[in-house]
Amino acid sequence: MDGEVRLWLGFRRATGPPAGRSRRRRSSALRPPGQDRRLVAGARGTTPHRCRAAARGMSHHEDGRSALPRPRRPAGSFPVRSQPFIAALATLTLAAGLGVVAAPPTDARADGPTSPAPRLDVAFPGEQQRVSGGDVPFHGTVRLDDTTDQITRVQFVVDVSDSTRSPLQDCNGDGIRDALDDFNGDGRFGDVLDCQISAVVALNADLRGVPGSAEHIRVGLTAFGTAAAVAQMVPDADIDAALDNATFIAPGTTGTGTDVIPNVNVVASSLRVGFVGEYAPQTVVAGTNFDAAVRAALDTLEPYSGPRWVFFLSDGQATVSQSTLDRVAASGIGVRTFAVGSGAGTFPCSASSALAKIAAAGSDACVHVLDPSSLTSSLVTSQPGWLRSVEVEVGGRTVLADIDPIGGWSVVVPGLEPGRHQATVTATLTDGRTVTRIRGFRVADHISYVALGDSYASGEGIPPYLQGPQDNLCHRSTGSWPGMVSLPDSTVSLSQRTDAEFQFLACSGARIVNLDTTPQPKQMWSGGRPEIPLQLDLLKRDADLVTLSIGGNDLGFAPIVTHCFTTLVCQDHGFITTSSGTHVSLDDWTAIRLALIGNELTGSYQAIRSRVSADTAVVVTTYPRLVSDWDRAHAACSPLLLSGDERRWLRRQVDTFAEIVHDRARRAGADVHVADLRNDFEGHNFCDSDSVIIGPTLWRLTEVGFSPLSAASFHPNSRGARLYSLAVNDTLRYDVDVPGTSRAQAVTTAQASGTPQPATVARASLASAAPVVTTSRTTPVARTAPDPVTDPDGLLGSYPDDVVSAVGSTTFAEVALANGAALDGFPACDHVVSHEVVPLLAQGFAPGSTVTATTRAVGHDGTESDAVTSEHEVGEDGRLISEIVAPSIAEDGMLTVSLSGVGPGGGPAVGTALASTSDDPECVALVEAAGRVAPEGAPSEPVSTAPAVPEAGVEAVASIDGTASRGGLALTGVSLVVAILIATLGVGCAGALLVRRVLGASTRA
């Protein structure tokens, strides 16, 4: 289980130039070295680029078209040229055409022999698509239809022999050797094996970024020492013969217990010298046997008929037999070798070296990698042996494309005027055959802006929402802050400018994996389950500006604050329970979750960068601190709801998350800017008298239907959205160069890295805190407090295996309490009364599972009822429809119902519902008249597992995340629970409860 526990090792770090590289405009003359596209024919109004005819081994007619086939370059003689990170991704990972359909495109024609037929796909631009700017990127793939298997398989072969223990070096590309370079947790920071793991993680991140990679790319891993072992890529319970997933999986496949880390990263980070840890431990001994390694990889790939590649990583200290080389040459499998680390010698890729011979037999090249950050850029130096060239011709100018090892191609045609254009894309094979595709498109003189992210970006809680099918499900608001973003050269927002294109992809409830790994499900109470497409699959490559708000749902900001509303000393209270019965406090849970999220943020930033142009401006945002730390906080944050210690603890978690965002934005391959808005919200958080944060909210609908605790809880209101936009606009004004605009130079705040530094705030990360006092916890988990920002590996390594796994797989259920009297058609009271039978509805638990509900009532004077526990069964459709009986209620106050169970993925699932309570005689009479009061002394068990919730013929609520419908039933509570509490809350009562909290904490301590 060691590899599974150390999830931090799966950093998914793609490597490349440092984040501080200068930003460049989409001009062919200014493009970074190696990324300029060679112009074959002179371009009108531009300086012709160097012609690659000589390098390609072909002559050209005056019109720029190839006249003679190019002789195939001898195997293994490909020159290695270093290109920037983005150029590499534009060629390696933009294999969108991996999903080739069975029938050839109607606009493609092939000349010459027809078996096997070449296929040419243009993934971007789409037919008649409008693109921004005059420099237009094209990309697609070329394939041979000699097989019905259109899946490309890549086998990573990793050397785990004894020689990989040294030398030590920087492996993650950040310029220093430290704990972050220990990818496998063996205590050696940056040995050769660490660098090889870093390379695997980076390459897998590239492949994961390919549109359609989940359907059309599979990866596996073989480790070798004296012997070789093919790694098992999924846990035993997940092996499915129909999916053939024991040895090959999609690059983005994640396990149910580690839902944010790709399995490939988990397997790679489990490698030790002579050993494979996940998902089936295997020993290969610590010698070095290239023959065994190559044969094992070929044995794994040869049964498949699609495109096949071996990426062979080693320090090169071994020999290879001629019989093995002959088998490679006869297999038709491409092999690229990487001599990793300074210990590989001065010339590890010389023609006589074993690594060079293996690559030559596989018709590819050997690359000497002193720094894994250069590894990605080396992959564009080879192309399939059967493919000579890909050309794109527009308006008389022809540009040669770069081609990657699996047939992906990319090119930029510069200087196109606004208007309609027609591109002719021609692929030429080495046998002289050609295939051509015609693509019409429009060039617009405009700025392209794409808004990605979660509910903070979508505008949750700021109706009205846009009414497109996905817009409504995602609660994309006309008043969201992305809709108010403007550039320094204009006061008009980009969403309103006629010369700008606004692509609104942010979606309420989105998690990090919903960007590029797992489509976002939207559970419907009517039984449907539509999915929101991966946001990065819709991200246009020609975007000039991209903004992102993500991570809040992964950390669970709103559920955490709600938990603190319902629990005394919430940070030390048990939050989840592992399968072994360990109760994990909220403080421990949050620390682990922050470390896991930080690792995944790195990959997300790199994935965005890989899908846009090198000069695209990418801005990520932090989150407000949500609650005030003012000792005399507004009455809404009286001790009944949040104590001062709880509020300060919540603020520290937000600060730690923001520090992680800044740290990950500076990592190699990310190249993103941070709009840090924490200080912009000071004085305007929840608990401040001038708050712009929506408090905990319950909707009270009027007819039939259902709506849960509003997803608007703890989100900015319209004024908060304005604060967000001002912070982003300031970042664009002073720190970011958006293509096509002139950035104000009056104030320069960005440092040489090009990334704005965190705002000056008191550092509140866990590293600076004293060791956590665990005696006040429910079954405490002993730990010190390593920093999740700078030492996530140390933090995760300080916890037991099952605790890390349980935290990584925790999900949040949606829970609500309905008004049974109103549902039954009787006059109803807003509040819950003593012994009322209250309908309980929830989603987010495993179908057929049992959920435990803990119900308690708290009075305004601080009196708390005994907790009542009941069990409820989840239906096979994943919906829980049941009832709870309220405890004795002697005065006005609040009812809390906390649910715990198992989520759909097998990890812990938790959720909380709030309602107001009352002992008002009129309320009691109404509930009694409706027959919704349980007899005195009746057990507090579920009264019914299926109360009458009308569905047939009724328009149900559109989604569980708060989408409104025309109908609905009256929920217990009012629009703002806090308002009810404030109305009757006196200073003396608040003081009484505060004393109770302090005494309760002291007793536990």
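Here, buried means under 20% relative accessible area, exposed means over 50%, and partly exposed is in between (1.4 Å probe, protein chains only). This is a predicted model, where local features need pLDDT of at least 70, side-chain atom pairs count only at pLDDT 80 or more, and totals for chains, interfaces and linings use all residues. Residues are numbered from 1 along each chain as its sequence is written, and side-chain values use heavy atoms, with hydrogens and water left out.

**View 1. Helix α15 is largely enclosed by the rest of the structure.** Helices (H or I, at least four residues) and strands (E, at least two) are DSSP runs, numbered from the N terminus. From first C-alpha to last, α15 reaches 37 Å, close to the 38 Å expected at 1.5 Å a residue. That expected span is 1.5 Å times one less than the number of residues.

**View 2. The largest nonpolar core has 92 residues.** A nonpolar core is a set of buried Ala, Val, Leu, Ile, Met, Phe, Trp, Tyr and Cys residues joined through side-chain atoms within 4.5 Å. Leu545, Val546, Ile592, Leu601, Tyr605 and Leu732 have the most contacts inside this one. What gives the most to this core? That's α15, with twelve residues. A second, separate core has 39 residues, including Leu193 and Val276.

**View 3. A closer look at helix α7, residues 290-301.** Ten of the twelve residues of α7 are buried, so this helix too is largely enclosed by the rest of the structure. Among the buried ones are Phe290, Val294, Leu298 and Leu301. They pack against β5, β6, β7, β12, α8 and α9, with contact meaning heavy atoms within 4.5 Å.

**View 4. Three strands make an open sheet in the order β31-β32-β35.** The pairing is antiparallel, and two strands pair if DSSP finds at least two bridges between them. β31 (814-817) and β35 (879-885) stand at the edges with a single partner strand each, so one side of each has no neighbour in the sheet. β31 and β32 (residues 837-843) pair over four bridges, and Leu817 has Leu840 in β32 as its bridge partner.
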